Amino acid sequence: MSRKSVHRRTVLQAMAGTGILLTLSPGFLLTGCDGGVKATESGALGLDSEEYDVELNLRATSDSVPILPGAPSEVWRYRVELLKGPESTLSENPDSYLGPTIRLRRGQTVKIHIHNELPEDTTVHWHGLHVPSDVDGQPRLPIRPGETMTVGFEVLDRAGLFWYHSHAHGEQGGRVGFQSYAGLAGLLIVEDDEELGLKLPIGENELLLVLQDRTFTGTNELVYLDGGMGAMMDRMRGFLGDQILVNGAPPATRKVATRPYRVRVLNGSNARIYKLAWSDGRPVTIIGADGGLFENPEDKPYATLAPAQRLDIWVDLSDSRLGSTLELISGSYEAGMMGGMGMMGNSGLPAGSQFNLMALKVTESVDTAETLPVQLALERKRIPITDATRIRQFELSHVMMQGFAINGRRFDRTNVADDERVRLGDTEIWEFRNRTPMPHPMHVHGLQFNVIGRDANGNRRGWSGLTQGLVDSGWHDTVLVMPGETVQFAMKFERFDGLYIYHCHNMEHEDTGMMRYFQVQG
Ligand code: C2O
Ligand code: CU
């Protein structure tokens, strides 16, 4: 984020003919979040309790880190410090500039001091967690540059893989795509007694993967989009980088032993959909999703993972030969009409390309009796629905010259329409109908839901090769709605009233307005 204009020229030359792209240059950084909603007081939001089990200092700051061979790259990152609580709360991956993994126990109370050391507004959203509206990191409560906001909450969710990322949105549009692209994202794991009782692989046998795609200049500067015609197309489709990063580094080989592994994956990309598969064609054994473990494991030929979604995968290498390698890949698929007509022109790695994510090289022979439990989760019943359960309909459409919309509406600060008010304590079915040529990973803040079903009668607009991998079992906070599809899911608005958000988690769609507030009325 140097102030030298030479950077800008270099980038423009390097990118000539591929649309207008910019690095993390200061002029661009400062166009974000001026205006917007009022900043809050710096007092603690959320819990009233004086005593917290865990206390963290979290700084959103800029840094320069080695990502590719050669020059370091300018990034924005979360630095987190443990002030109080178990040592195991934070784990830093020395090779990654992403935020450290925050590991919490269900029932803990947590207090976090968030310091904004960036040149623009930011927020920190605890993606997937059931937390009060005021600590949810929504754009209505921005943290101004140089300010600190303290939030507190109790960990109410059952065990699962969640994540934290920025959620800033100002008068001139959203900054989620930019800020998380710059590096403001990290994993958050919730543990509980039920899951620990299963004795699933832990420590070095639990592989945590954050999948992202990035574009770099010849001098390793991160490149994101800017206004201009090429970028308009990029925003409509969502940003696709031409280099895959796993935990903030190029895909690598890991040495493993002849034993089972638990592979927990977050799609932290702005817009790319992954088709996870094993190189030897073995099925992908899925044991959980966004909201924790399934009741029973499920085999699929491949697993479709849209932005913001998580998957928990079991892979058993007990029978592997010493010296053999198994690769986790993203397989190829057809990316529809948006894939043709020059729409994919700005990425060297178009949607639906095949590439490797991780190689597991078996270098050690061990004896272990660990097997996949047939019964995983016990505790949680699906949300009960009846014929009388209210169905709320949402149509996903495209408004000419503006962008994608939900029921014809686009992001409008905290304004909530009459059909966006729900009652605390109610169970509802939300139905999303996708009338656009693009898939939309739809996310609802503050809760986990059950997918009831999807109806694919519609025209998929040329998207194919992803459907068999869609994961609808268990609990989710983000569901992929393919072109032409209608998807229904059930949720219960419990415990917390107030404003929450629902939006598409293709970050460019979200940033350009495919996002709305809804209100839970007490
Ligand atoms: Cu992952 Cu509204 O967010
Ligand atoms: Cu979308």
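This dialogue walks through several features of a predicted model and how each of them is read.

Colleague: Which conventions should I keep in mind for this predicted model?

Modeller: Residues are numbered from 1 along each chain as its sequence is written, while chains are lettered from A and ligands numbered from 1 in the order in which they are written. Local features need pLDDT of at least 70 and side-chain atom pairs count only at pLDDT 80 or more, whereas totals for chains, interfaces and linings use all residues; side-chain values use heavy atoms, with hydrogens and water left out.

Colleague: How many helices and strands does the protein chain have?

Modeller: Helices (H or I, at least four residues) and strands (E, at least two) are DSSP runs, numbered from the N terminus, and the protein chain has seven helices and 37 strands.

Colleague: How is a sheet read, and what is the order of the open sheet of five strands?

Modeller: Strands of a sheet pair through backbone hydrogen bonds, either parallel or antiparallel. Here two strands pair if DSSP finds at least two bridges between them, and the open sheet of five strands runs E5-E6-E13-E10-E8 with mixed pairing. Strand E5 (90–91) and strand E8 (125–127) stand at the edges with a single partner strand each, so one side of each is left without a neighbour in the sheet. Within this sheet, E6 (residues 99–105) and E13 (residues 185–191) pair in the parallel sense over five bridges, and Arg103 stands opposite Ile189 in E13.

Colleague: Which residues coordinate the copper ion (ligand 2)?

Modeller: Donors are N, O and S atoms within 2.8 Å of the metal (3.2 Å for Na, K and Ca), and since water is not among the atoms, sites may look incomplete. For the copper ion (ligand 2), the coordinating atoms are ND1 of His440, SG of Cys504 and ND1 of His509, at 2.0 to 2.1 Å, and along the chain these donors follow the spacing H-x63-C-x4-H. His440 lies in strand E31 (residues 440–444) and His509 in helix H7 (residues 507–511), so the pair ties together parts that are 69 residues apart in sequence.

Colleague: Are His440 and His509 buried or exposed?

Modeller: Buried means under 20% relative accessible area, exposed over 50%, and partly exposed in between (1.4 Å probe, protein chains only); on that scale both His440 and His509 are buried. Strand E31 also pairs with E34 in the antiparallel sense over four bridges, with Pro441 standing opposite Leu480 in E34.

Colleague: What covers the faces of strand E34?

Modeller: In a regular strand the side chains alternate between the two faces of the sheet. In strand E34 (residues 478–481) both faces are covered, with Thr478 and Leu480 buried on one side and Val479 and Val481 buried on the other.

Colleague: How many salt bridges are counted, and which residue forms one with Glu171?

Modeller: A salt bridge is a side-chain nitrogen of Lys or Arg within 4 Å of a carboxyl oxygen of Asp or Glu, and by this rule the count comes to 32. Glu171 forms one with Arg413, with the closest N and O atoms 3.0 Å apart. Glu171 lies in the loop between strand E11 (169–170) and strand E12 (173–174), and Arg413 in the loop between strand E28 (403–406) and strand E29 (421–423), so the pair ties together parts that are 242 residues apart in sequence. Glu171 is partly exposed at 44% relative accessibility, and Arg413 is partly exposed at 45%.

Colleague: Where in the chain do Arg516 and Glu420 lie?

Modeller: These two residues form a salt bridge with their closest N and O atoms 2.8 Å apart; Arg516 is in strand E37 (residues 515–521) and Glu420 in the loop between E28 and E29, 96 residues apart. Arg516 is buried at a relative accessible area of 4%, and Glu420 counts as buried at 1%.

Colleague: Which residues are in contact with Thr258, leaving aside its neighbours within four places in sequence?

Modeller: Contact means heavy atoms within 4.5 Å, and the partners of Thr258 beyond those neighbours include Leu317, Val362 and Glu364. Thr258 and Glu364 are 106 residues apart in sequence, yet 6.5 Å apart in space, C-alpha to C-alpha. Thr258 is found in the loop between strand E17 (253–257) and strand E18 (260–267), and at 6% relative accessibility Thr258 counts as buried.
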